[in-house]
Every structure is written in structure tokens, then in C-alpha cells.
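User: I would like to go through this structure term by term. For each label, please set the value against its definition.

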Amino acid sequence: MPPAGCGRAQRVLDIGCGARPHAAATILADIAADTTWGGPRRPIPTWARPFVRCSVERLPFRDGAFDFIFCRHVLEHVADPEAACRELMRVGLSGYIECPRSWVEYAFSSEDHRWLVDHEAQVLIFREKLPEERRDFLGIQYSIFDWMRQPAFLLHWNEISVRRARNVMVSWTGQFAFAVMSARERRGRGRSRLGGARRR
């Protein structure tokens, strides 16, 4: 079910749609036209919806082009989350952001995730992963893929209270506040960058 606010939307972008585009999206976008999610590389299924190949850090759409934007499990991958967040607010009137929480990174340590993400005091916070955090702290890094094949575990993993515990889930209208902390800043050698500029 889409987050509140999407039902009335006419122009809906799914950015980073991957192999499972949202049913409510009218435009699909991703950095690649194919994906390896869940198996061999395969084309992204568009189901007759327009597909745009682009990065969330530089969206090829006009200001306010979309009523609603889905951005799920994308921002933890990007090189520049500040640029990505500003682009979402530039082209969207409202939206939904979902990322794994920082504790999930410590549990499963995804190698292609660059940021530890949390939502604290209504601020979406990105902390750049340190080299020493890129390891399998609990020894279960790849076990999740085996567990996902078990129907009982999959049902539990996707139960809404468990999804909320393991994911940052932010619905926004107009703007949202964010902060970015580089690895250097995390080590106390600089100041974090606060964002959430009002829409132009």
C-alpha cells in the first residue's frame, strides 16, 4: 500500500525502481536499465510505463514535475546524499524515503552502502561509513539471503512493525531536513552539513 498522500497524486516517480517498481508510479527511473537483484542481471520491468535512466543526484526533470516521489533503498548508495535530497525536493511536491537503519548496516554490512542512515529529531541523517565499519560484525552478513528463502522468516521480516524497526521510513511534503556527516567529520575534524532548504 502506498504511503498517505500518494493516492491523490497524478504524477508519481519511482526513482531507483529496480526490479520491483511501485504499482502507483507513472514514471520509472533508475541509474541502470537492468538489475541483478535476486539473481542474474535482467531488464527492469516497466509494464508500459515510461522509463528514464538517470541518477537521483541529478534528475532530468523540471522543478515540481511530480506530485509524489518514491525513493526506496537508494540514498544509502549515492556518492552525494546532499545533492540527492535537494533534487528530490526540487522535482517533487511530496514523497516517501526508505533506507535501512544504521543498526542494519552493522548487522548485515552491505558492501555497496556508503552511508549509515537514521531519522533523529525529524532530521534525516547520513553518516559516511568508516573503513573499520565495513566488516561483518555479527558474522551473519550473508545469512539473510538464506533466511529470505524461508516463508515464515520472510513473512516476519516484512511485517510492518519489523519494517519500521529495520528501516528509516520518512514521508515528506514540500521539504524535509537532512544532515550529512563525512568520515572526516565523524572523526571530529569538521562540521556536518545541514540541509532542507525551502523549495524555490
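Analyst: The protein has six helices and twelve strands, where helices (H or I, at least four residues) and strands (E, at least two) are DSSP runs, numbered from the N terminus. This is a predicted model, in which local features need pLDDT of at least 70, side-chain atom pairs count only at pLDDT 80 or more, and totals for chains, interfaces and linings use all residues. Residues are numbered from 1 along each chain as its sequence is written, and side-chain values use heavy atoms, with hydrogens and water left out.

User: What share of the 200 residues is buried?

Analyst: Buried residues account for 46% of the 200. Buried means under 20% relative accessible area, exposed over 50%, and partly exposed in between (1.4 Å probe, protein chains only).

User: How do you know that Cys71 is in no disulfide?

Analyst: A disulfide is a pair of cysteine sulfur atoms within 2.5 Å. The nearest cysteine sulfur to that of Cys71 belongs to Cys99 and is 6.7 Å away. For Cys85 the nearest is that of Cys71, at 8.0 Å, and Cys85 is in no disulfide either. The search of the whole structure finds zero disulfides.

User: Why are Cys71 and Cys85 called buried?

Analyst: Cys71 has a relative accessible area of 1%, so it counts as buried. Cys85 is at 0% and is therefore buried as well.

User: What makes strand β6 mostly covered?

Analyst: Four of the five residues of β6 (residues 68-72) are buried.

User: Which strands are the edges of the six-stranded sheet?

Analyst: The open sheet has the order β5-β2-β1-β6-β7-β10, with mixed pairing. Its edge strands are β5 (51-53) and β10 (167-173), each pairing on one side only. From one strand to the next the twist averages 15°. Axes are lines fitted to C-alpha atoms, for helices over the stretch in contact, and angles run from 0 to 180 degrees between N-to-C directions.

User: Where does α1 pack, and what angle does its direction make with that of β6?

Analyst: Helix α1 packs on the sheet and touches β1, β6, β7 and β10. Its direction makes about 155° with that of β6.

User: What makes α1 largely enclosed?

Analyst: Eight of the eleven residues of α1 are buried, so the helix is largely enclosed by the rest of the structure. Among them are Pro81, Ala84, Cys85 and Leu88.

User: What is meant by right-handed for the β-α-β unit?

Analyst: A crossover is right-handed if, with the strands pointing away from the viewer, the path from the first strand over the helix to the second runs clockwise. The unit made of β6, α1 (residues 81-91) and β7 is of this right-handed kind.

User: Why is Arg101 called partly exposed?

Analyst: Arg101 is at 23% relative accessibility, which lies between the 20% and 50% limits, so it counts as partly exposed. Arg101 lies in the loop between β7 and α2 (102-108).

User: Which residues is Arg101 in contact with, leaving aside its neighbours within four places in sequence?

Analyst: Contact means heavy atoms within 4.5 Å. Arg101 meets this with Val117, Asp118, Arg164, Ala165, Arg166, Asn167 and Val168. Arg101 and Arg164 are 63 residues apart in sequence, with their C-alpha atoms 9.3 Å apart.

Definitions and conventions
Two strands pair if DSSP finds at least two bridges between them.
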